[in-house]
Amino acid sequence: MPEEASAPGKPGKFWTIVWELRIAIALIIICFALSLATPYFMRERNLINVLRQVSVNGLLSIGMTFVILTGGIDLSVGSMLAFGGVVTASFVSNAFKDIPSINPFLAIFLGLAAGTLLGAINGVVISKVKVTPFIMTLGMLSIARGMTYIYSNGMPITDLDKTFLQVGQGYASFLPIPVAIFLVAFLIAWVVLYRTKFGRYVYAVGGNARSARISGINVGFIVFMVYVISGFLCALAGTLLTARTSAGLPQAGMSYELDAIAAVVIGGTSMTGGKGSLIGTLLGVLLIGFINNGLDLLSVSSYYQQVCKGMIIVGAVMLDYFQSDSDR
Amino acid sequence: MTATGTDQEIILRMVNVDKRFHGVHALKGVSIELRRGEVHAICGENGAGKSTLMKILMGVYAADSGDMQLNGHPVRFQSPRQALDAGIAIIEQELTPIPDMTVAENIFLGREPMTAGGLFVNYRSLNRMAQDVLARIKVRIEPTRKMKTLSVAEVQLVEIAKALSYDSDVLIMDEPTSAIGERETDVLFDIIRTLKTQGKGIFYISHRLKEIFRVADVVTILRDGEYIATKPTSGLDQDALVNLMISRKLEGQYVKENTPTDVPFLTVRNLRRRGKHEAVSLVLHRGEILGIYGLVGAGRSEFLESLFGVARPDGGEVLLEGKPVAHRTPYDSIRNGVAFVTEDRKNSGLALILSVKDNTTLTSIRKYHRGPFVNRRREMRDVLRAIDFFGIKTPSERQLVRNLSGGNQQKVVLGRWLLAQPSILLMDEPTRGIDVGAKREIYKFMSDFANEGNGVIMVSSELPEVIGMSDRILVFKDGRLNGEVSRAEASEELLMQIAT
Amino acid sequence: MRKTVLFLAALLLVLSAGFAQAGQKYRIGGATYGLVGEYMKLWATALERHPAVVQGLVDLTIFDGRYDASVQQSQFETMSSQGYDAILFVPIDIEAGAAAVATAHANDVIVVGSNTRVNSDLLTAYIGSNDVISGYMEAKAVIAKMGGKGNVVIIEGPIGQSAQIERREGNLKAIAEYPEVKVLEMRTANWSRAEALALMENWLTAHPGQIDGVIGQNDEMALGAVQAIKAAGLDVKDFAVAGIDGVSDAIMAVKNGEMDLSILQDAVSQAQGALDIALGYLVKDYQPMSDCWKDYPEMKWNGGKDKNYDVPWTPITKDNADEQWAKRQDLTAR
């Protein structure tokens, strides 16, 4: 995969490797510290819990990685999550009177299609009309949230099909299904990003869109596709969250875009695009998840959680800055 | 070492400057002296240490060892700001204007004169000061114009005015002519002569050896970070200088072995784009290198962009072997076997933050697809082939392109297009900012490429290059085709005449 | 002199009220803090079904405050300038509505607070339910199921909101009565089901087998805790879980035995009662039309001129869940 090669003029090989693995090392240190601080941390049940808790943000962050790699941003992920979740819920709810309850898999398909459609709208406007991603997805943040309220009439959609709830609450052998879905999505995304020309084009568009265009790449299509991918994964996350909370909540996913962007940035992906990795994002997602979990276990106030997360984001970006500075 | 022959006082002296970048010995004890009223050229291939030396002078890097004296006092700058305050200004190769500010605001950025009380910028005095500075170098640009309305050449002149506005004793000019045409170059050289009479010392860095003989008094040659010699230009000729710069001896700068046929390959009829260039018609034959010459802003690059589909032309047609083709996007052109090496490597040629491998296979990667996946073995084989073919100097194919020298970056661009197996190569300023050795290799590639029955269209501002490499030369002026010159009758005087 | 002016003003007011009664409709605004979430939806629906609105005595407009005190402020300015007769006001927070009330007061518009009190003595009257009592009731119920001893966790609302402050006060007051009850954890989940779910999962890990009761300061968070308990493979019936508000999902959970108690915040009575009170100031010899006064005999009409009306809380337990569910279905039917 196109991890950056070590630049010349770096201190020895050892430090280069340390640098490459910095997020993984940070993760290990945090896990080690937490396992010393509380005996419950390293238990299998807790680790599974953390995985389950990060699976929603994980899915959003995968899509966000694609988007940010092209040099864009998707602020609408939380709202698209809510929309996808509510649409899915409406088709498996016995209490939602406008729509009959249908086969849960068909319902999930419809929910995913709804989120994908919103992503496609983002993609078309950004790639064809050239509205900047920040503005377009800021608009979509509001539009999708409003549509969610309209669709659900502002009320939680409850009394959901029991089979459907398994998607959020069941197990695939020892792994909770949300975790399994997240891992599968991650693997597919990894293959797409690192084993297909599409993935290479994503990096190329973020690295230098003009150069990519002259090299014969349909830049508009690549940009369109990353927002479609993001919309799809948001709806998937929304479906998982709905099944996990047993209700299609129209307020779900408020400000989730912040955690997704944070995970991507902590993972070393450059906000200007072209540089970063999916593995880094995975580590970023886990880092945030472990910190939230650890501070809960240690009964640290959630105020500190927020301060802590903010410092990690800024710290990660500062490290990147020092690195590129010494590269000159 | 003081072979300059002038007896003017020494302004600046750098002694035994040594610099390593984590294992790479970039400067090996280099010493250099600059006198008042002297234009001191620094020559060397890319990677010889010219830029590193200047960056140490400007306080961007700290030297590992060595001394620096300014007007006899030892100095050591921690930052470009300190160097500026001490009277050393640089005109950088890469221009960094703020497009939405006026000329005057750009020149005095951070040093604006204030009204009494220091609350507001005194625009009247700001514009007057800018006018004065511009007048000093005999440039007529309204100080109130926005930078974004200026041509590249005018921006360059403003940057020079800005450097002068610091009243520096020492001026560093790093490839000041790389973005401007012949006429602006003449203006610049007039300015340099004026500055000499004012007693300034100037370091002049350029790949264009002819300019060095026109403007410099002395030249210091660096090679692989080592000091080679300092000589008066009056006692040198171009070949002697090149031989000092490269250890091997060059047998002629240009490689031209192709034989053009008269089989029409690419025909362009009345291709036009409003505001950029008027209707242009031309025929490229198999085996031919077709040169396009013109001053900056004559519409040459814009024409190539229309031809390749980067921008949509307003009318006209393109025929390939007599059959009309539609080049609506670069993708269409590439499918028809056309490749485009753009003028500006960094902005439109390469993704600097990606690796050599990813840049090299950007166009051809669709060929390596087997089913949904990239066949990475085949991809790697081609990458290594391209690296090998062009002799790209890189520690590994995973190296980021950003860390390569200009010449090697250009070879990566060429390697990318080579892998796309084109039959027509459009090249815009193919050797800009590249050292002599790499230039020769690129010329050889062009010649070999044409000789295989392909065609090349080369846009260049360097007269010797156009004359040295082209079978025919088209001259652009003010957005239209103003004349055609055969290889036999081509001369610098004639081309300039048609272009101006 | 001043007395005369006051007298004349009062006379004018009475006269104008008299004219109003003669024929025209009363324009009344329902200023909600935001129309997202079940409670406010029910509140608005209940107003629309008030007999006075149905019969055409009142021209009702519902405003969406979008969870923003400044939005509510400007809506108050609009209503005042358009000559509304009264405003039924649900502020986003106890401290956030005083300026809006002052604006209305300056324009002689009657303002009846509902659900959440405003820190202002310019409020004409207030009808709502005492959050300290609900906090006390739910904690009592949880402790009762635990047999008067054991460990509880408290999932709180957004810190600093009046509902959180008062419900916490009630929670702790009840717990203080039982020396053998220990609070293991007390943290915010911002009224959010998803947040409470993650929080409870982590608590179950940190205190394995030790948590006996869950006090959710609203139903959504209590429901999140229920999901966490189920996800951990534990039996919900081994835990005492209670929430406040009586949202539909919680009534369902009580019906299924997943929650032990939800305390109904009676949106219908808070909304319709407020309208009755407002009409009491506008219409001469007005008799309240809403059923709420009959539903809660302990809440006395007193001629409609009391400053405070306290809508009692209704505990929803397994015994009355079916009945409440039916009532809710009726209200949410479209």
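A salt bridge is taken here as a side-chain nitrogen of Lys or Arg within 4 Å of a carboxyl oxygen of Asp or Glu. By this rule, three salt bridges cross the interface of chain A and chain B. The structure is a predicted model, and every value reported below was computed from it.

Two pairs of chains touch, and the pair formed by chains A and B has the most contacts. In this interface, 34 residues of chain A are in contact with 42 residues of chain B. The size of an interface is often given as the accessible area lost when the parts come together. For chain A and chain B the buried area is about 3100 Å², and carbon and sulfur atoms give 53% of this area. On the side of chain A, the residues that lose the most area to chain B are Arg195(A), Arg200(A) and Ile214(A), which together account for 22% of what that side buries. Arg200(A) also takes part in a salt bridge, with Asp358(B) as its partner; the closest N and O atoms of this pair are 3.3 Å apart.

Chain A is also in contact with chain C, through 37 residues of chain A and 29 residues of chain C. About 2900 Å² is buried between chain C and chain A, with 48% of the area on carbon and sulfur atoms. Three salt bridges were found across the interface of chain C and chain A. In a salt bridge between the two chains, the side chain of Arg52(A) meets that of Glu201(C), with an N to O distance of 3.5 Å. Chain B and chain C, by contrast, do not touch, and 35 Å lies between their nearest C-alpha atoms.

Within chain A, the packing of two helices was examined. Helix H7 of chain A spans residues 162–169 and helix H11 of chain A spans residues 219–245; the two pack at an angle of about 110°, and their axes are 7 Å apart. Because angles of 65 to 115 degrees count as roughly perpendicular, H7(A) is described as roughly perpendicular to H11(A). The contact is made by Phe164(A), Leu165(A), Val167(A), Gly168(A) and Gln169(A) from H7(A), which meet Thr239(A), Leu240(A), Thr242(A), Ala243(A) and Arg244(A) from H11(A). Of the residues in this contact, five are nonpolar, four are polar and one is charged.

Chain B is divided into domain 1, comprising residues 10–97 + 150–245, and domain 2, comprising residues 264–499. The centres of these two domains of chain B, taken over C-alpha atoms, are separated by 31 Å. Contact between the domains involves 14 residues of domain 1 of chain B and 20 residues of domain 2 of chain B. The area buried between domain 1 of chain B and domain 2 of chain B is about 1300 Å², 53% of it on carbon and sulfur atoms. The count of salt bridges between domain 1 and domain 2 of chain B is zero.

Chain C is likewise divided into domain 1 (2–129 + 266–311) and domain 2 (131–264). Taken over C-alpha atoms, the centres of domain 1 and domain 2 of chain C lie 33 Å apart. Six residues of domain 1 of chain C contact eight residues of domain 2 of chain C. Between them, the two domains of chain C bury about 610 Å², with 41% on carbon and sulfur atoms. In domain 1 of chain C, the residues losing the most area to domain 2 of chain C are Glu38(C), Asp93(C) and Asp266(C), together 55% of what that side buries. The salt-bridge count between domain 1 and domain 2 of chain C is zero.

Key. Residues numbered from 1 in each chain as written. Chains lettered and ligands numbered in written order. Predicted model: local features only at pLDDT ≥ 70, side-chain atom pairs only at ≥ 80, totals over all residues. Heavy atoms only, no water. Axes fitted to C-alpha atoms, helices over the stretch in contact; angles between N-to-C directions. Helix = DSSP H or I, 4+ residues; strand = E, 2+ residues; numbered from the N terminus. Parallel < 35°, antiparallel > 145°, perpendicular 65-115°, else oblique. Contact = heavy atoms within 4.5 Å. Nonpolar A, V, L, I, M, F, W, Y, C, P; charged D, E, K, R; others polar. Domains from an automatic or database assignment. Buried area = accessible area lost by both parts, 1.4 Å probe.
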